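Let's take a walk through a protein model, one piece at a time.

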Amino acid sequence: MEVKLLTEHYGKAEFQSLEGYKKIGDGYETLKKALKMQPKEIIELVKASGLRGRGGAGFPTGMKWSFLPENGEPRYLLCNADEGEPGTFKDRMMMERAPHQLIEGMIISGFAVQSKKSYIYIRGEYKDSLRIVEKAIREAYDAGFLGKNILGSNFTHDMDVYSGAGAYICGEETGMISSLEGQKGQPKLKPPFPALKGYLGKPTIVNNVETLAAVKYIVRDGAQAYRKNGTEKSAGTKLFSVSGNVMKPGNYEVPLGYPLKDLIFNLCGGLKPGRKLKAVIPGGSSAPVLTEPEAMRATMDYECLAQMGSMLGSGAVIVIDDSNCMVDLLNVTMHFYHHESCGQCTPCREGTGWLHKTVASIASGHGRLQDIQLLDRISKNMMGRTICALSDAAAMPAISFVNKFREEFEFFVREGRSKVKGEGFRHAQMHH
Amino acid sequence: MFSLSEEGVAFVKRELNRYEDRRSAVIPALYRVQKENKGWVSPESVTYLSHLMDIPSAWIEEVLTFYTMFNKRPVGKYHVQVCCNISCSMNGGREMADHLCSTLKLKEDEVSGDGRYTISRVECLGACDKAPMMQVNDDYHEGLTNDKAVEILRGLK
């Protein structure tokens, strides 16, 4: 069963405007409620709700907020709308269908962390999202929900947007900060964490679109009500972007802990007639792939997927049927990480290149048996040795593809062709 | 010599004061240059921006070369970017890129003889539920077939 909390009004076009947000939804009533609370009360509420970051890392939101120093130094709130994890398209839809829900969640969050300024960093390709969110911000200013002395509360908050320009790495919070500062989007060494030294060296909180929108509902309904959905350690609902080989791909909001098999076979209408499930990538292309038996028993929450050696990530579920060649899909994926490595750390810059070249060689029919081992070895040398998680994000899928579908890699090396695909597909694949 | 229009100059000056730090205006300024320079950023326009913004050209170069949405070479009037990441590849994205290239008799990233098209393969554009898809300049076209994609390109004014 879907539980539509954040997506309740997605189907109604007028929800995009402030007028529609007031008429169909509850307008900015939750902001009014929040401004009568103590900022610390809201932080405690978010902690009690169990909300964890919805962008990929799953870090507890309230705890992140409480890392801010208590010295009254100016601090920034950044909304991470640089959605780039392959397979993910939930934040784009939220910005386009329900921009005011995000803005209201951000003003409430800004109040909770006592920030006077926030930015929404939107990936460059999302021109529609940018236009829609900018318009919604103007409406919020005109209605007195942004700017000086919001609704007579003495709280002042300004909000603006910033457009990225095509770089996956800017979705990493310190890479995003570098980019917002007008530099190339290279991540920075942590510590110091952004909560202490972030944007322009000032305390900064970076939260994902879906996370900030959820804050509104936690403040509106209370922590216990929010916890009614989900599990003990994975509270609330989550948006899953399902793509690949299902009949009805799209965004689905379900309680965390929802069975993956129900997501695929009930909500998404299953596979094309005659096709069998082969594998599922449960959390964006960085997440280790699950085999069919694993996928059939997985539940979509942080702890179950971690136990299975994978991760919930951004909630991008890529469903792979038996018409796909795993060597080919790993090749596509490694091309991506090689392309997106920022080049700062050697294990990532060189490792992603080697991974891609090695798997491309196998996929071209010229691989050697020891290349399969090489993929595994390179990957293991890339993990935990770099400033940010991109290196691990490339290594984890490589290890899982090679080890869980080794037979397909061996077949490709031995026979010089895909076990699954005919000769026809070779040309399209070659450029990758 | 490259120079921005009057409105372009006014835009860059506004952007310089819009963010907490002037340097943040580099990305928006490069977007503006690209828009006024037929879709790409030339080396001389970097020198121009450096003077206009009073920001070292190395800082502008650094941004220009890091981000994929800035074109360092001329592109066609319609820059056609076909997603070839995982979900699109599983649904015919790569074949569609090939089909567009062969139909328009073009190599990837080249400008067509009439200056109308450049076809590029790009990474995930966040429209995976509507695979395969392509972006033409700012616009997304989703849920395509090879024929539909050709039809869209031919129909562009």
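Before we start with the domains, one thing to know: their bounds come from an automatic or database domain assignment. Also keep in mind that this is a predicted model.

**Chain A and its domains**

For chain A, the assignment gives domain 1 (13–227), domain 2 (237–321) and domain 3 (326–430). Pick out domain 1 and domain 3 of chain A: their C-alpha centres are 36 Å apart. Where the two touch, eleven residues come from domain 1 of chain A and eight residues from domain 3 of chain A.

How many salt bridges does the rule find across the interface of domain 1 and domain 3 of chain A? The count there is zero. Polar contacts do turn up, though, with four residue pairs across that interface. On the side of domain 1 of chain A that touches domain 3 of chain A, you'll find six nonpolar, two polar and three charged residues.

**Chain B on its own**

Chain B is assigned domain 1 (6–66) and domain 2 (78–154), and the C-alpha centres of those two lie 29 Å apart. Count the elements in chain B and you get seven helices and four strands. Read from the N terminus, their order is α-α-α-α-β-α-α-β-β-β-α. Along the principal axes, the C-alpha atoms of chain B fill a box of roughly 50 × 35 × 25 Å.

**Where the chains meet**

Now bring both chains into view. The size of an interface is often given as the accessible area lost when the parts come together. Here are the values for two interfaces in this model:

| Interface | Buried area | Share from carbon and sulfur atoms |
|---|---|---|
| Domain 1 and domain 3 of chain A | about 850 Å² | 68% |
| Chain A and chain B | about 4,100 Å² | 54% |

Between the chains, 63 residues of chain A are in contact with 40 residues of chain B. There are five salt bridges between chain A and chain B. B:Glu20 and A:Lys117 form a salt bridge, and their closest N and O atoms are 3.7 Å apart. The rule also finds 20 residue pairs in polar contact across the interface of chain A and chain B.

Which element of chain A gives the most to the side that touches chain B? That's helix 14 of chain A, with eight residues. By class, this side of chain A has 27 nonpolar, 24 polar and twelve charged residues.

A search of the whole structure turns up 17 aromatic pairs over all chains. One of them is A:Tyr28 with A:Phe145, a stacked pair with 4.1 Å centre to centre and 15° between the planes. These two partners are 117 residues apart: A:Tyr28 is in the loop between helix 1 (18–23) and helix 2 (29–35) of chain A, and A:Phe145 is in the loop between helix 7 (127–142) and strand 3 (158–163) of chain A.

That loop between helix 7 and strand 3 of chain A also holds A:Leu151. Most residues other than glycine have a negative phi, and most peptide bonds are trans. The phi of A:Leu151, however, is positive, near 50°.

Cis peptide bonds show up too. In chain A, the bond from A:Lys190 to A:Pro191 is cis, with omega near -10°, and A:Pro191 is in the loop between helix 8 and strand 4 (204–208) of chain A. In chain B, a cis peptide bond joins B:Ala131 and B:Pro132, with omega about -5°. Look for B:Pro132 in the loop between strand 2 (117–122) and strand 3 (134–136) of chain B.

Note on methods. Residues are numbered from 1 along each chain as its sequence is written. Chains are lettered from A and ligands numbered from 1 in the order in which they are written. This is a predicted model: local features need pLDDT of at least 70, side-chain atom pairs count only at pLDDT 80 or more; totals for chains, interfaces and linings use all residues. Side-chain values use heavy atoms; hydrogens and water are left out. Contact means heavy atoms within 4.5 Å. Buried area is the accessible area (1.4 Å probe) that two parts lose on being put together, summed over both. A salt bridge is a side-chain nitrogen of Lys or Arg within 4 Å of a carboxyl oxygen of Asp or Glu. A polar contact is a pair of N or O atoms within 3.5 Å; within protein, one must be able to donate a hydrogen and the other to accept it, and residues adjacent in sequence count only if both atoms are side-chain atoms. Ala, Val, Leu, Ile, Met, Phe, Trp, Tyr, Cys and Pro count as nonpolar, Asp, Glu, Lys and Arg as charged, and the others, Gly among them, as polar. Rings of Phe, Tyr and Trp (its six-membered ring) pair if their centres lie within 6.5 Å; planes under 30 degrees apart count as stacked, over 60 as edge-to-face and the rest as tilted. Helices (H or I, at least four residues) and strands (E, at least two) are DSSP runs, numbered from the N terminus.
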